[in-house]
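Trainee: I am new to this structure, and I would like to go through it with you step by step. Could we look at it together?

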Amino acid sequence: MKSFLNPVRGWHVLVMIVLFFGVTIGVNTTFITLAMRTHPGEDVPRSYYQGLNYNETLARRHEQAELGWSARVNVVDGELLVEVSDADGAPVPGLELTGAMNHPTNTSRDCPLEFLEDRAGLYRAALPCTETGQWHLRAHNNGDAPFEMEHALWLR
């Protein structure tokens, strides 16, 4: 009586191994490509050079902490409002604020911001980011006074 089952031969094993590793490498390549396209891993551009000047950054943050300045953020009618006040609650005029709205997972959605002083201590910027969801506001003063801020926002 003849058996209908074929025995496993060497070339069968070779094909199974090549298929197994081919699928594994293909899936890993796809996942790595998708991950790098959606979030390249850099939180800020040119982070290496910023790291070289980190002591200066720490000194500016220390100066800002000594001043006791704080900021409140609000979104009204497609505009971003930032109110900066000193330790006594008085408005801080004359800042040259610039910044960006950063998307937490996709840097291609980041939007630059240019602030104009509306009145003493109140800075206004048009909000080019219209997509709903979580955003991170980063702003800093281009002038002499040390001021930088970060704030998480949820846009609706």
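Trainee: Where is D77 found?

Mentor: A word before we start: this is a predicted model. Look at the stretch that leaves β1 and leads on to β2. D77 is found in the loop between β1 and β2.

Trainee: What is phi of D77?

Mentor: Most residues other than glycine have a negative phi. D77 is a residue other than glycine, yet its phi is positive. The value for D77 is near 50 degrees.

Trainee: Is D77 buried or exposed?

Mentor: A residue counts as exposed when its relative accessible area is over 50%. D77 has 77% relative accessibility, so it counts as exposed.

Trainee: Which strand holds S85, and is S85 buried or exposed?

Mentor: S85 is found in strand β2, made of residues 79-85. Among the residues it touches, leaving aside those up to four places away in sequence, are W69, S70 and P91. The cut-off for a buried residue is under 20% relative accessible area.

Trainee: In what order do the strands of the open sheet with β1 and β2 stand?

Mentor: This open sheet has four strands, and their pairing is antiparallel. β1 (70-76) and β5 (116-119) each have a single partner strand, so one side of each is left without a neighbour in the sheet. From one strand to the next, the twist averages 30 degrees. The order is β1-β2-β6-β5.

Trainee: Which residue in β6 stands opposite R119?

Mentor: Start from the pair of strands: β5 and β6 (residues 122-126) run antiparallel to each other over three bridges. Within β6, the residue opposite R119 is L122.

Trainee: What is the order of the open sheet that holds β3?

Mentor: Four strands form this open sheet too, and the pairing is antiparallel. β4 and β8 are its edge strands, as each pairs on one side only. Neighbouring strands here are turned by 20 degrees against each other on average, direction ignored. The order is β4-β3-β7-β8.

Trainee: How many residues of strand β3 are buried?

Mentor: In a regular strand the side chains alternate between the two faces of the sheet. For β3, both faces are covered: L97, G99 and M101 are buried on one side, and T98, A100 and N102 on the other. Strand β3 (residues 97-102) is largely enclosed by the rest of the structure, because the buried residues number six of the six.

Trainee: Which residue in β8 is the bridge partner of H136?

Mentor: β7 and β8 pair in the antiparallel sense, and eight bridges join them. For H136, the bridge partner in β8 is A152.

Trainee: How far apart in space are E148 and R61?

Mentor: E148 lies in strand β8 (residues 148-155), and it is partly exposed with a relative accessible area of 30%. Not counting residues up to four places away in sequence, E148 touches R61, Q64, A139 and H140. In sequence, E148 and R61 are 87 residues apart. In space, C-alpha to C-alpha, the distance between them is 7.9 Å.

Trainee: Which residues does the disulfide join?

Mentor: The structure holds one disulfide, with an S to S distance of 2.0 Å. It links distant parts of the chain, 18 residues apart: one cysteine is in strand β4 (residues 111-114), the other in the loop between β6 and β7 (133-141). The disulfide joins C111 to C129.

Trainee: What is the radius of gyration of the chain?

Mentor: The chain has three helices and eight strands. For 156 residues the globule rule gives 15 Å, and the chain is well over that, so it is more spread out than a compact globule. Its C-alpha trace spans about 100 × 40 × 20 Å along the principal axes. The radius of gyration is 27 Å.

Definitions and conventions: Residues are numbered from 1 along each chain as its sequence is written. This is a predicted model: local features need pLDDT of at least 70, side-chain atom pairs count only at pLDDT 80 or more; totals for chains, interfaces and linings use all residues. Side-chain values use heavy atoms; hydrogens and water are left out. Two strands pair if DSSP finds at least two bridges between them. Helices (H or I, at least four residues) and strands (E, at least two) are DSSP runs, numbered from the N terminus. Axes are lines fitted to C-alpha atoms, for helices over the stretch in contact, and angles run from 0 to 180 degrees between N-to-C directions. The radius of gyration is taken over C-alpha atoms; the globule rule is 2.2 Å times the number of residues to the power 0.38. A disulfide is a pair of cysteine sulfur atoms within 2.5 Å. Contact means heavy atoms within 4.5 Å. Buried means under 20% relative accessible area, exposed over 50%, partly exposed in between (1.4 Å probe, protein chains only).
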